[in-house]
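Please keep the sequence and the coordinates in view while reading.

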Amino acid sequence: MKSWLKLSAPAAVLGIALTAGAQKPAPKPQALTPEQIQFFESKIRPILTGKCAPCHVDGVSRGGLSLDFRESWQHGGSSGPVVVPGSPEKSLLIERVKSAGAPMPPGGKLSATDIAALEAWVKMGAPDPRGAADVKTTSKLTGITDKAKSHWAFQPVEKPAIPKVKNAAWVKNPIDSFTLAKLEANNMVPNAPASRAALIRRAYYDLIGMPPTVEEVRAFLADKSPNAWEKVVDSLLANPHYGERWGRHWLDTARYSDTTGNPQNGQNRLADFRYANAWTYRDWVIGAINKDLPYNEFLMAQIAADQIPTMKDDPAQLAALGFMTVGKRFQDKNDLIDERIDTVTKATMGITVACARCHDHKFDPIPTADYYSLYGIFSSIDEPEVGPEIPGSGDPTQRGDYEKQEKVLLDKGRVAYYEYVGEKLEAFQKKAAGYLMLSTANPRSKEGAELAQKYGINPSNIRERDTIRILQQAVRTNKTAAEVMGPFNVLQRMPEGSFASQYAVAMGRMLGTASAPAAPAGRFGKQRAQQQQRTPGANIPVMKINPLIARELSSLKPRSMADVAEAYGRVFAKVADQRDAYIEARQKNQVLSVDSATAQLIEFPLGLPPASEFNSATHLRQLASRFNADNRAAARFPFDELNRLQLTHPGAPGHAMVVEDIEEPKDARILIRGEKQRPGDVVPRQVFALCMPGSTPQPVKEGSGRLELARAIAAPSNPLTARTLVNRAWMHHFGDGFIRTPDDLGNMSEKPSHPELLDWLAGRFMETGWSLKKLHKWVLTSNTYQQSTDTNAAYEKKDPANRLLWRANLRRLDFESIRDTMVALTGKLDPVLGGKPVNITDEPYIYRRSVYGYIDRLFLSDLLTQFDVSDPTMANTGRISTIVPQQALFFMNSAMAVDVARQVVRRDEVEKAQTDEERIKAIYLVLYQRSPKPEEIQVGLGFLTKIGSVAAGVETEATVAATGTGKGRAARKPVAKTPQKKGMGVGKFAPIRNNTEMVERKPLDSWELYTQALLCSNEFVYVS
């Protein structure tokens, strides 16, 4: 056994002892990226300060371990370092928090989310910005300084003068003046224009995410008019697919997902794993972008649509609030609020406010008080379980079928509810005396253990323990329970020594049959009256008591509470005979055949509403929620099936996922170091200072403050909002933004490559109505955008990252563009906008655009991760781009790629070609939107000659094994299986499936193999 497990009890809090001076000197800290710092501040610091700090901070370092700063855990001890950066499996910290032994921290094991965050942190190298010197001298690393406040991004947007350039003939619009001025200052000239074929392909992918058709390419090449290019741009901006393309970009920023990301959604096992209505937010985004909703209004709607007069009564517009609600869910409400603060500030203004949760921001001028001002705003909102229905959101022709299927599931849930309640009531009524006695004691105490043994109850059994919990909850919250439990609660507070003698008096008072004692007279009457008031039972009021309970207790002469509990048990045993008939009557909405007193006891402590009240999944969930601690009970209810039906049935209506202000919004307290146990001063709800340069923030005057926050974010005076949007739009058009951290424009970001152009565009953007479409047109009609990607050795040496924009960047397509292109090439693309999510990665395939794909936050599809789809756990505007073997294997082996190859060869322009050369040209036009070079035609002909004999019918063992076909064999249809591999959800968490056909299975012929080979080329997935 490892030595770190052999620790004394105090050291076992973490299980790691450190010995000073026993290890090598701590390595020098490496420079951290903004992303690493943000991950640490938002995910790791709250764990260290909130969960570990009570035992592992300077001055309270159990096991010799302090987690105050980087050097402490790097120091190591007799068992080695606490963390081995890059190797979670070798890190004692990870081993300890995952241990099934003594929990760390004391009182409970870390949540799965926290453990996963720690593992991810160690895997990325354990970045930790907290140096020992920084802990002792906080002024060394703080954003609350004049220098931090003077950062360029926090200054007002001022439109600079358009610079003069030498080569004025090259300038098509002011964008070119700014970029050319930079080039000329560095003795450089821009590249030659891209070819018209390359240009139209670039524009189509940029604006609608798909390639032009052969006809569209030919039409553009033939159009010699001066405004031919402008017409292409205008047509693409008017194309409905534009909203799908740019909507997907915003959904990355909005961390869109169709699931909660929490397998239990907090502690509620009955809660849905999927969002049945997240798609309504996605559709609102696409529609708003297609309509060119001014960007400032676009942002305001997503924060406070319910408070904007033109939107608050329109459910279709209220769907914008999905921005607030489609994020990840957590067990701790503080984490949910933090996630929303982080998303709103990062998505709209490109700043990392969430870093100020535990301390003043280390780099930007955001004090902790500002964070908790926002915390007050976001803690003053609530979510209704079901939002308003969006008219026309479900197929009216299939609404009836949906309601029919829903009723079947609700009936199933109703039956399950009555069955389970019947079982719980039967168990309670058989051992009522024992449950009542245990409800007054701690089941884990010695007294509780003795009572459990006496009455034959096992508190370690989840169902019996749950019965005790339900009983205690009913006593606390159910008003009618007082009629049953009122006497028991009063009597169990009486002293044991005088219990027998005082019982009759106490019952008389409760029943109203005992006369009040005469007021003492005489010289000391007042003193005797006060003493009388202190006598047990003196202050017991008359109460309404269930008649059957009252009758049993009025004639009782108990010696202790055990006798009272036995009396209760006898009453419950008597009514048990009528229980089943009563439940059956309730289930059938029949008239009850028992008196109200008997009915009250039969239902106690659960309550038993009539079947007529089970009219929705929401009501069923509310009733079933009391069983939420019992996994087996939760499994009986069809909530997962109801959720799946709501999500996938075409007739199911959509509901806006809204938020609303609570009745009494409240300011928040600062949580010192982010710890709930250490509340500090109250701070008013108000807009934080960075939104309002030159102004003093004022406390919120109405409601939660969301509307005031939204207005401040979208105000022209806010220096961050327009800059952030322009930088992101530029990034999507050029591959890199002016600042290469699109979600962080703060002090840790690099300086803009073209600060004057950024501000000119931001100012122009606001002046012209915050129109995203106008911004696109300025960019695409510039010569800067229309350059070729040709390289220049001298320029590559001087500016290898092309930050000066002397050429266009060769860019790799993202996953959605790749898949959408493949779908379009099959000729099966479904052009309908909007609708419920579909499975875009697994067979049976569907031919909808990728933006409608089902996104599972917890089990993101392997294919999506292999092609670098944005992580939906947080706002991620800028995607990474990797090249890994799995991507090539997808094009070589996936049924989707095979289907594309087969369908391309069947297209009219390919089938009608008269010669092999013409067929090759047609395939090149379809796949690459250009004609092949002569040498490419020769390579293609050579390939077809060599592969022809194989494709003509020579069946190898591999072919037969792979396809299941061959001489004497009947073709078999592959069976679609639920994914079982690591990283994919199974069972309740399995991805949704499409009700479509499987891809055709048979060997490819030579032309199909040739087409598939072209799909595997770089040119197919790159835009030049």
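A residue is called buried under 20% relative accessible area, exposed over 50%, and partly exposed in between, with a 1.4 Å probe and protein chains only. By this rule Cys1016 is partly exposed, at 36% relative accessibility, whereas Cys691 is buried at 1%. A disulfide is taken as a pair of cysteine sulfur atoms within 2.5 Å, and the search of the whole structure finds zero of them.

The model is predicted, so local features need pLDDT of at least 70 and side-chain atom pairs count only at pLDDT 80 or more, while totals for chains, interfaces and linings use all residues. Residues are numbered from 1 along each chain as its sequence is written, and side-chain values use heavy atoms, with hydrogens and water left out.

The protein has 1024 residues, of which 55% count as buried. Its secondary structure comprises 46 helices and eight strands; both are DSSP runs numbered from the N terminus, helices being H or I with at least four residues and strands E with at least two. The accessible surface, computed by the Shrake-Rupley method with a 1.4 Å probe and, for residues, with only the protein chains shown as cover, comes to about 45,500 Å², and carbon and sulfur atoms hold 53% of this area. A contact means heavy atoms within 4.5 Å. Among the contacts with a separation of 6 or more, 71% join residues 24 or more positions apart.

The interior can be approached through its nonpolar cores. A nonpolar core is a set of buried Ala, Val, Leu, Ile, Met, Phe, Trp, Tyr and Cys residues joined through side-chain atoms within 4.5 Å. The largest core has 119 residues, and within it Trp250, Tyr281, Phe378 and Leu761 touch the most other members. Helix H12 gives the most to this core, with eight residues. A second, separate core of 75 residues includes Met485, Ile583, Leu620 and Ala652. In soluble globular proteins, nonpolar side chains tend to be buried together.

Phe378 also belongs to helix H17, where it is one of the buried residues. This helix spans residues 368–378 and is largely enclosed by the rest of the structure, because ten of its eleven residues are buried. The buried residues of H17 pack against helices H15, H16 and H32 and against strands S3, S5 and S6.

Trp250 leads on to the aromatic pairs. Beyond four places in sequence, Trp250 touches residues including Tyr281, Phe298, Phe323 and Arg728. Rings of Phe, Tyr and Trp (its six-membered ring) pair if their centres lie within 6.5 Å; planes under 30 degrees apart count as stacked, over 60 as edge-to-face and the rest as tilted. The count comes to 36 aromatic pairs. The rings of Trp250 and Phe298 have centres 5.3 Å apart and planes at 70 degrees, so the pair is edge-to-face. Trp250 lies in helix H11 and Phe298 in helix H13, so their pairing ties together parts 48 residues apart in sequence. Both Trp250 and Phe298 are buried. The pair of Phe572 and Phe604 is stacked instead, at 5.9 Å centre to centre and 20 degrees between the planes. Phe572 is in helix H26 and Phe604 in the loop between helix H28 and helix H29, so this pair joins parts 32 residues apart in sequence. Phe572 is buried at 0% relative accessibility, and Phe604 is buried at 5%.

Charged side chains provide further links. A salt bridge is a side-chain nitrogen of Lys or Arg within 4 Å of a carboxyl oxygen of Asp or Glu, and the structure holds 58 of them. Arg274 is buried, with a relative accessible area of 2%, whereas Asp640 is partly exposed at 24%. Glu423 and Arg636 form another salt bridge, also with an N to O distance of 2.8 Å. Here Glu423 in helix H18 is linked to Arg636 in helix H30, 213 residues apart. Finally, a network of salt bridges links Arg902, Arg906, Glu1000, Lys1002 and Glu1008.
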